[in-house]
Amino acid sequence: MRIGPSVRRLFGRHERLISELYRGIFVNLGDLVASIHEHTRSPTTILEIGCGDGMVTERIVQTFPGAAVTGIDICAQPGRLYRGDRSHVRFLRLTAQGLATAEHTRYQLVIIADVLHHVPHPGWSDFVSTAHRLTAEDGTLVIKDWVRQRTPAYLLGYLSDRYVTGDRIRYPDESELRALARKTCGTDSIQAEFRVRPWDCNLALVIAPPRQDEHPNTNIHPHN
Ligand SMILES: C[S@@+](CC[C@H](N)C(=O)[O-])C[C@H]1O[C@@H](n2cnc3c(N)ncnc32)[C@H](O)[C@@H]1O
């Protein structure tokens with residue numbers, strides 16, 4: 001059953017507000033981008049892979065006002081609900097692979113928020129390694145997803161994606177997400193992790209070269 005797009009059309013001019021409220025049940029996007037900010041080094045070029053309607057992009061632009069921001073997605077109209085300064089933002093209908101082929105730019109910050117579970121599972125490694133290739137050598141890649149748990153919140157998220165957005169989805173569990181990052185980006189590539197309110201299912205991995213002022217991998221679980 002796929003009720004998402006038809007229900008959304010019924011919201012008309014309230015679609016953006018309702019989408020924000022609905023998303024807020026599952027993840028605080030302001031917190032997500034604030035935590036990303038804490039883990040990065042003043043990036044001037046930012047790529048958001050799977051930007052969707054542009055809700056995260058909007059917060060990225062507010063939080064990193066000087067940066068040039070690119071949002072890409074395979075949906076019909078990436079950034080459709082974006083309301084913000086457009087002077088440093090572009091939205092492109094492309095896959096990460098398509099962008100890597102079209103341009104040779106590497107971005108100082110690459111963000112993948114709640115996209116991986118929409119990517120068919122056999123393609124996860126290729127998807128993440130392409131994102132890593134698009135990240136500058138001293139840059140940061142953040143992968144945030146809704147990780148599998150035996151909790152009511154997790155189940156609610158699953159049912160919402162499956163029956164409201166109508167997508168076929170497969171969520172990673174925590175150790176699978178870490179293993180994927182290590183396999184595609186390097187054994188010691190995860191520099192930090194953080195959770196995003198309001199649910200523990202919101203896990204983000206920060207993939208970057210070690211900072212010189214920090215002991216590498218101090219706040220991660222090396223054996224998970
Ligand atoms: C749940 S939405 C997340 C949108 C946005 N990142 C956010 O957090 O608001 C997932 C998005 O991933 C996009 N997507 C799925 N597979 C993709 C791929 N291979 N490349 C780019 N975008 C993809 C979908 O089109 C959809 O817009």
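**View 1. Ser42, an exposed residue in a loop.** Ser42 is exposed because it has 10 other C-beta atoms within 10 Å; a residue counts as exposed with 12 or fewer such atoms, as buried with 20 or more, and as partly exposed in between, with C-beta atoms placed from the backbone. Look for Ser42 in the loop between helix H3 (29–38) and strand S1. Helices (H or I, at least four residues) and strands (E, at least two) are DSSP runs, numbered from the N terminus. Ser42 has a positive phi of about 45° although it is not a glycine. Most residues other than glycine have a negative phi. This is a predicted model, in which local features need pLDDT of at least 70, side-chain atom pairs count only at pLDDT 80 or more, and totals for chains, interfaces and linings use all residues. Residues are numbered from 1 along each chain as its sequence is written.

**View 2. Asp114, a buried residue in a loop.** Asp114 sits in the loop between S4 and H6. Its phi is also positive, about 55°, although Asp114 is not a glycine. Is Asp114 buried or exposed? Asp114 is buried, because 23 other C-beta atoms lie within 10 Å.

**View 3. Strand S4 and its partners.** All seven residues of S4 (residues 107–113) are buried. Strands pair if DSSP finds at least two bridges between them. S4 pairs with S1 (residues 45–49) in the parallel sense over four bridges, and Ile112 of S4 is the bridge partner of Ile49. Six bridges join S4 to S5 (residues 135–146), again parallel; here Val110 is partnered by Leu141. From S4 the chain crosses through helix H6 (residues 124–133) to S5 in a right-handed β-α-β crossover: with the strands pointing away from the viewer, the path from the first strand over the helix to the second runs clockwise.

**View 4. The largest nonpolar core.** This core has 52 residues, of which Val110, Ala131, Ile143, Ala181 and Ile207 touch the most other members. Such a core is a set of buried Ala, Val, Leu, Ile, Met, Phe, Trp, Tyr and Cys residues joined through C-beta atoms within 7 Å. S4 gives the largest share, six residues.

**View 5. A cis peptide bond.** The bond from Arg197 to Pro198 is cis, with omega near 5°. Most peptide bonds are trans. Pro198 is found in the loop between strand S6 (190–195) and strand S7 (202–207).
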